[in-house]
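Open the model in your viewer and keep the selection panel at hand. Each stop below gives you something to select and then says what is there.

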Amino acid sequence: MVIAVGVLMAVAACGGDGSSSGTLEPLGGTPGASGPGPVATTAQAATLDTTLDPSQAGSGFVNVDVQLAASGVRESISLDRATVRADQLDPVSLDATCTALDGGDPAAGVAVTVVDLRRMGSEARLVSAAVRVEGDGTPGEHDVTIDVGGVDQVTTSYSGTVQLADGAMTGTFEAVDAAGNAVTGSFVCSAVAVTTTVPAVTGGGEEVPDSAESGG
């Protein structure tokens, strides 16, 4: 299922850069129709400042690591809301949500999203990720839908399973799209920013495991 990034993030409302040239390839998956996507100017105009007055800033950190096997893309999409003015957080262009972090009831379902359109025009290939867990948020395996949005303003939907940890603040997932292309990854929700180590891979090609070393 392929839908526009803007539509996805608008629905998810309830719930990092440089420059590059060349034509970006579509996300791994069956090409499909894409509608008009959101304009990046809203997110680009947002104030990113680690010295913001806490009374004016958002709060909470959300990170979603995504690995697309077909295209070799592996990126970490994260947002520390404490670095953005609360009045500039917008679910369509720049925001992060997490049921367990934001005071929701995981027993009624778990949703984790990150969208950051500031990544558009950079070497990044992805601008958004949404993890929607079926059923309650008890520890263990659950059905999940992963929606991954690219800089080409196309979002690809994957269905699979997620392993939730206690509290539904972290989880690991694996899923496939309609054509059988796989996505794997994990998410972390935290009251404070945490360090992530997943590198951004801007081209296709064979994925090299993190633990790979030269030699015998």
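This is a predicted model: local features need pLDDT of at least 70, side-chain atom pairs count only at pLDDT 80 or more; totals for chains, interfaces and linings use all residues.

**Stop 1: Arg81 and Asp102**

How many salt bridges does the structure hold? There are 5. Begin with Arg81 and Asp102. Their closest N and O atoms are 2.8 Å apart. Now look at where each partner sits. Arg81 is buried, at 10% relative accessible area. Asp102 is partly exposed, at 38%.

**Stop 2: Arg85 and Asp87**

Select Arg85 and Asp87 next. Their side chains form another of the salt bridges, with an N to O distance of 3.0 Å. Is Asp87 buried or exposed? Asp87 counts as exposed because its relative accessibility is 57%, and the cut-off is over 50%. Arg85 has a relative accessible area of 25%, which makes it partly exposed.

**Stop 3: Asp116 and Arg118**

Move on to Asp116 and Arg118. Here, too, the side chains meet in a salt bridge, 2.8 Å from N to O. Check the accessibility of both partners. Asp116 is buried at 5%. Arg118 has 19% relative accessibility; buried means under 20%, so Arg118 also counts as buried.

A general point applies to these stops: side chains of opposite charge can pair when their charged atoms come close.

**Stop 4: Ser76**

Go to strand S3 and pick Ser76. This serine is buried, with a relative accessible area of 14%. Which side chains does Ser76 contact? One is that of Asn63, through a polar contact of 2.5 Å. Another is that of Asp65, where the polar contact is 2.8 Å.

**Stop 5: Ala130**

Finish in strand S6, which spans residues 126-133, and select Ala130. Is Ala130 buried or exposed? Ala130 counts as buried, because its relative accessibility is 1%. Ala130 and Ala111 are 19 residues apart in sequence, and their C-alpha atoms are 7.3 Å apart in space.

Note on methods: Residues are numbered from 1 along each chain as its sequence is written. Side-chain values use heavy atoms; hydrogens and water are left out. Helices (H or I, at least four residues) and strands (E, at least two) are DSSP runs, numbered from the N terminus. Buried means under 20% relative accessible area, exposed over 50%, partly exposed in between (1.4 Å probe, protein chains only). A salt bridge is a side-chain nitrogen of Lys or Arg within 4 Å of a carboxyl oxygen of Asp or Glu. A polar contact is a pair of N or O atoms within 3.5 Å; within protein, one must be able to donate a hydrogen and the other to accept it, and residues adjacent in sequence count only if both atoms are side-chain atoms.
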